[in-house]
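Keep it brisk and group the points by topic.

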Amino acid sequence: MRIVTFLSVIFFMFPMASIGANVLILDDNYGSEVSDDLINRGHSVTSIPYYDWNGANPAPTGFDLILLLGGYEYGYNFDDPTAAGTALQNFVSAGGVFAATEWIAYDMDDGLKLELDPIVPLDYTTYTDFDYSGEYTVSVPSHPLTAFLPTDWQAGDNDGGVCNTLKSGATALVTRTFNANQSCSGNAPALAVMGVGSGTTIWLNSDLGHDWEEDASPELLQIIANMASFAANETPVPASGASPVPTPVPTMTTYGLVFTAMGLLFVAGRRLRNRRQA
């Protein structure tokens, strides 16, 4: 009985370590910076060019997050629009998390990717223009998707986004301004979230700089990493060396727990056998 009690204490004091999210990236063929960053934070990543994905290669089953990148190669529809769109709609309705970056609103305004309309927070019918640069401001700092972000930061000179509003029921967690071409005035939603069915859909109003062949800023990579942790119901993970970093909670891996339990049971068995022999 004391052994069982001790095991219970071990499990309580050392919660199982995070195992990361399982992420499917529908890639824009810019490069591997997003995949590499997610992997470095402990997430599992499968990547395929978005225009080659037909909803079944691979199937959405088993993924926590499906992320559509559209900054570098955009303007293409899915290889099989009906199958891909239906697969994503079913994935979200069943409880999955779907996220998209720009230029998805730009494409939808051009009549592309319209099968995604039921599962995106943006209202593409309000699209007016696109622009670059500007400033980001966090409006809901308590949300897991905004963890480890500064209150505000400057967008890169080639960080593109659109002038667009959200659908009813969507929430803007971060806003942004534009100042490159002055084609967009005021604040635009930069990070938005909305519930769809049993799942969640997220829109990041940034092309990550990919349109001009630049890497995403650390803040944008943090947002994407937060998406993965959010989708897996895990605590957000900061970038290596990031500050502030919360005080870590001691954890024990699954293997550590198994070996600890086996060792304790072995000791308990030997003690029981010795008692019987006595």
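A polar contact is a pair of N or O atoms within 3.5 Å; within protein, one atom must be able to donate a hydrogen and the other to accept it, and residues adjacent in sequence count only if both atoms are side-chain atoms. The side chains of D27 and S47 make such a polar contact, at 3.4 Å.

The model is predicted: local features need pLDDT of at least 70, side-chain atom pairs count only at pLDDT 80 or more, and totals for chains, interfaces and linings use all residues. Residues are numbered from 1 along each chain as its sequence is written, and side-chain values use heavy atoms, with hydrogens and water left out.

**Overall picture**

- The chain has 6 helices and 13 strands. Helices (H or I, at least four residues) and strands (E, at least two) are DSSP runs, numbered from the N terminus.
- Of the 278 residues, 45% count as buried. Buried means under 20% relative accessible area, exposed means over 50%, and partly exposed lies in between (1.4 Å probe, protein chains only).
- Take the contacts between residues at least 6 apart in sequence: 70% of them join residues at least 24 apart. A contact means heavy atoms within 4.5 Å.

**D27 in strand β1**

- D27 sits in strand β1.
- D27 is buried but has no salt bridge. The nearest side chain of opposite charge is K113, 12 Å away.
- For charge, Lys and Arg count as positive and Asp and Glu as negative; His and the chain ends are not counted.
- Neighbours within four places in sequence aside, D27 is in contact with S47, I48, P49, Y50 and L69.

**Helix α2**

- Helix α2 covers residues 33-40, and its buried residues are E33, V34, S35, D37 and L38.
- Those buried residues pack against β1 (22-27), β2 (44-49), β3 (65-68) and α5 (218-231).

- Strand β4 spans residues 97-101. Because 5 of the 5 residues are buried, β4 is largely enclosed by the rest of the structure.
- In a regular strand the side chains alternate between the two faces of the sheet.
- V97, A99 and T101 point one way from β4, while F98 and A100 point the other way. All are buried.
- Strands β3 and β4 run parallel and are joined by 4 bridges. Two strands pair if DSSP finds at least two bridges between them.
- A100 in β4 is the bridge partner of L68.
- Strand β13 (residues 199-204) also runs parallel to β4, and 5 bridges join the two.
- I202 in β13 is the bridge partner of A99.

**Helix α5**

- α5 has 14 residues, which at 1.5 Å a residue should span 20 Å. The end C-alpha atoms are 20 Å apart, which agrees. The expected span is 1.5 Å times one less than the number of residues.
- 11 of the 14 residues of α5 are buried, so the helix is largely enclosed by the rest of the structure.
- Among the buried residues of α5 are L220, L221, I223, I224 and M227.
- N233 follows α5 and has a positive phi, near 55°.

**Salt bridges**

- The structure holds 4 salt bridges. A salt bridge is a side-chain nitrogen of Lys or Arg within 4 Å of a carboxyl oxygen of Asp or Glu.
- R41 and D37 form one of them, at 2.8 Å, N to O. Both R41 and D37 are buried.
- K167 and D117 form another, with the closest N and O atoms 3.3 Å apart. K167 lies in the loop between β10 (165-166) and β11 (171-176) and D117 in the loop between α4 (104-109) and β5 (122-123), so the pair ties together parts 50 residues apart in sequence.
- D117 counts as partly exposed because its relative accessibility is 26%.
- R176 and D159 also form a salt bridge, the closest N and O atoms being 3.4 Å apart. This pair links distant parts of the chain, 17 residues apart: R176 is in strand β11, and D159 is in the loop between β8 (152-154) and β9 (160-163).
- R176 and D159 are both buried.

**G156 in the β8-β9 loop**

- G156 is found in the loop between β8 and β9.
- With 36% relative accessibility, G156 counts as partly exposed.
- G156 and S133 are 23 residues apart in sequence. In space they are 5.3 Å apart, C-alpha to C-alpha.
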